[in-house]
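Hi everyone, thanks for making time.

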Amino acid sequence: MSTSVQVEPVMERRYGGVGRCKCSFWFAVAHDILGVFIMLVGVFGGLVIHDLFIYAGAIIIFLSLIWWVFWYSGNIDVPPEELEDDVGLIKLKNRGLSRVVRRVSSRIRDSFRRNGRSFREGPASNNRPGTDVSLATIYDTTITSSSKDLVRETLSI
């Protein structure tokens, strides 16, 4: 029992010439040509400020790398199978696990909210108003004061 199945090949879209990002390509080429021209004017122009032209040309050529990176990254082909997770098409086998993780996370968050404290505050017993706080300095002396009695000491530098 065999059946014949015809599979049509998937044709990739071909972009001739410079690829999909023609604008970035031509901006990069224009900046390279302009930078080389300005640099050559600085080298062979015989001007008093020749070093300014040399540096400006080099900076323009360096900045053209931005356009080359745009052109290159715009021409990267990624198969649709690899993009499924990036655009929100989560596979069914992972859906149950993420739902469980969200449920546990929300329960933990709600339990902290019910107790009236956040994660950064630490235990609730340390944040009661009117408790004594001790401060140790590098001289191994301890200053103890309650939150109602503020002690100000002068600092000399």
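Which residues does Ser24 touch, not counting residues up to four places away in sequence? They are Trp67, Phe70 and Trp71, where contact means heavy atoms within 4.5 Å.

A quick word on where this comes from: this is a predicted model, where local features need pLDDT of at least 70, side-chain atom pairs count only at pLDDT 80 or more, and totals for chains, interfaces and linings use all residues. Residues are numbered from 1 along each chain as its sequence is written, and side-chain values use heavy atoms, with hydrogens and water left out.

Back to Ser24, which sits in helix α1, residues 22–44; helices are DSSP runs of H or I, at least four residues, numbered from the N terminus. Ser24 counts as buried because its relative accessibility is 13%; buried means under 20% relative accessible area, exposed over 50%, and partly exposed in between, with a 1.4 Å probe and protein chains only. The buried residues of α1 also include Phe25, Ala28 and Ile38, and α2 is part of what covers the buried residues of α1.

Now to helix α2, residues 50–74, where we find Leu65. Leu65 is partly exposed, at 45% relative accessible area.

Notes. Helices (H or I, at least four residues) and strands (E, at least two) are DSSP runs, numbered from the N terminus.
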